[in-house]
Amino acid sequence: MLFFQKTLNFGHLKHALFYSGLWVLSLGLTACDAPQNTTQQSFYVFGTEVQLLIVGAEPHQAEQAIQAIEQRFQAFHHEWHAWEKGGIVSKINQAIANHQAIEVPDSVKTFIQTSQKLSAQTDYLFDPAIGQLINMWGFHSEDWHGPPPPEAQRQAWLSKRPSIKDIYFKESQLVSRNPNVQLDFGGNAKGLALDIAAQTLADAGIKNALINIGGDIKALGFKKHQAWSIGIQNPNNPKQAIAKLQAQAGDSIFTSGTYQRYFDWQGQRFSHIINPNTAWPADSFASVTVIHEDAITADTAATALLIAGEQDWARIADQLGVDAVFIVHRDGRIDITPAMQSRLIDLKN
C-alpha cells in the first residue's frame, strides 16, 4: 500500500456536535436552505454517548426509529458485555472456563466467525479472546490506576496465549480448545452496533442520517445532497480538530487512540489498547482513523493499525482491504494514504 507523509496544522474547528475521536461538524445550513425535517437526539449506552442526526424524515418517523435503536442498543449492551453476568458473552466465557460447549444463536456465531476472519487478517494483533489480559491490566474497571501487572504474570499469560482462533463450532455449539480464552469484543462491537442502527433506520425508510457511538460514525445518505463533514480530533489537543474529511454515503469512520483511555504510573502512560503478542499496551501512534464501508472491518482496523505501529500498519491495512487511513504519530507527524487524502478538506487558520 502506498502512502505519503504530510504535516497538517489546521485551525480550530468550531460548531462540533460530538466531542470524541471524530466530530460531526455543523451542518452549515441557513434557515432558507436547511432541510424541512432534521431530528437530533442522544442517549447513553455502552458507557458513552450515542447521537443520531436524521435529515429529511418526518419527526414522528425519526423519533420512532431512534427509540427502536435505543431499545436494541440496551439489549445489545446487556448481551455483549464481557464481564457482567447474564449476557451471551459472559455465558460463553463461563462455559469456556469450565471446559464446556455452549449453544449460541446464529447471529452470535456469525459475528464470532467474522471476528475470526478479521483477526487472522491482522495477524492476531486484533484478538477478541484476550479478556483475561484486559482484566489483568485493570481495564475491566472504570478506575484505571496501575500498577502495571508484573512481568511474570504477563509471561504466564503469553505462555498460554489464548486466541479467538482457538474457538470452533459444532453446528450451533461453540467450543474452545483453550480454557483461557475469555472473549471481549470491546475492539469491534461498536461496528456491529452501528450496522444494527443503520439497518434499523433503513427498515424505517430513513435514508439520510449520521450515527455516532462515542466518536465512531456511520454515514447514511447525504446532507442536502452533499457529503457530511467530519472532524478528526487532535490527540495532542483534544479540544481541537486536526483535520476535516468528507463522509460519503455508507462510510464507516473509526478512530482508535492511545490518548483516549489510559492511566499514568510513575511517569509513564499506559493505553487501554493492548498488543496481545507482547501483553503490553500499544505505544506507537497517538491515533489512527480509518474509513471503510463495513463498520466491523473499520472498527477492527483502527485498533489493529494502532497496535501494528510504524513498521507493519501498511501491510495490515492491505490485508484488511482498508485503503483510507489517517495516522497521527506521538511526535505529531501524520501519515495519510492517497484514498484518505482524497477525502480531506484543508482548513485555514
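This is a dialogue on how to read a predicted model.

Me: How high is the average pLDDT of the protein, and what share of the residues score at least 70?

Reply: Where pLDDT is low, the predicted coordinates should not be read in detail. Here the average is 86, and 86% of the residues score at least 70. Residues 1–20 have a pLDDT below 50, and in the model this stretch has 71 contacts beyond near neighbours in sequence. Residues 25–35 are also below 50, with 18 such contacts.

Me: Which residues have the most contacts inside the largest nonpolar core?

Reply: In soluble globular proteins, nonpolar side chains tend to be buried together. The largest nonpolar core in this model has 73 residues, and Ile-92, Ile-112 and Val-290 have the most contacts inside it. Helix H7, residues 295–320, gives the most to this core, with 15 residues. A second, separate core has 22 residues, including Leu-53, Ile-242, Phe-326 and Leu-344.

Me: Which residues does Ile-92 touch, leaving out those up to four places away in sequence?

Reply: Ile-92 touches Ile-102, Val-104, Val-108, Ile-112, Leu-174 and Leu-183.

Me: How many aromatic pairs are there?

Reply: A pair of aromatic rings is described by the distance of the centres and the angle of the planes. The count here is eight aromatic pairs. One of them is Phe-46 with Phe-73, a tilted pair at 5.2 Å centre to centre and 50° between the planes. Phe-46 lies in the loop between strand S3 (38–45) and strand S4 (48–55), while Phe-73 lies in helix H1 (residues 59–80), so the pair links distant parts of the chain, 27 residues apart.

Me: What kind of pair do Trp-80 and Phe-111 form?

Reply: Trp-80 and Phe-111 form an edge-to-face pair, with 5.1 Å between the centres and 85° between the planes. Trp-80 is in helix H1 and Phe-111 in helix H3 (residues 106–121), distant parts of the chain 31 residues apart. Both Trp-80 and Phe-111 are buried. One aromatic cluster takes in Phe-43, Phe-46, Phe-73, Phe-76, Trp-80, Phe-111 and Phe-185.

Me: Where does the charged end of Lys-165 sit?

Reply: The charged end of Lys-165 sits over the ring of Tyr-124, 4.8 Å from the ring centre.

Me: Why is strand S8 largely enclosed by the rest of the structure?

Reply: In a regular strand the side chains alternate between the two faces of the sheet. Strand S8 (residues 208–213) is largely enclosed because five of its six residues are buried. S8 pairs with S4 in the antiparallel sense over six bridges, and Val-55 has Asn-208 in S8 as its bridge partner. Five bridges join S8 to strand S9 (residues 216–220), also in an antiparallel run, with Ala-209 opposite Leu-220 in S9. S8 and S9 form a hairpin with two residues between them, and Gly-214 in the turn has a positive phi of about 55°.

Me: What order do the strands take in the open sheet of three strands?

Reply: The order is S5-S7-S6, with antiparallel pairing. Strand S5 (102–103) and strand S6 (167–170) stand at the edges with a single partner strand each, so one side of each has no neighbour in the sheet. Two bridges join S5 to strand S7 (residues 173–176), and Glu-103 stands opposite Gln-173 in S7.

Notes
Residues numbered from 1 in each chain as written. Predicted model: local features only at pLDDT ≥ 70, side-chain atom pairs only at ≥ 80, totals over all residues. Heavy atoms only, no water. Core = buried A, V, L, I, M, F, W, Y, C linked by side-chain atoms within 4.5 Å. Buried < 20%, exposed > 50% of the residue type's maximum accessible area, 1.4 Å probe, protein only. Helix = DSSP H or I, 4+ residues; strand = E, 2+ residues; numbered from the N terminus. Contact = heavy atoms within 4.5 Å. Phe/Tyr/Trp six-rings, centres within 6.5 Å; stacked < 30°, edge-to-face > 60°. Lys NZ or Arg CZ within 6 Å of the ring centre and 35° of its normal. Pairing = 2+ DSSP bridges. pLDDT = per-residue confidence, 0-100.
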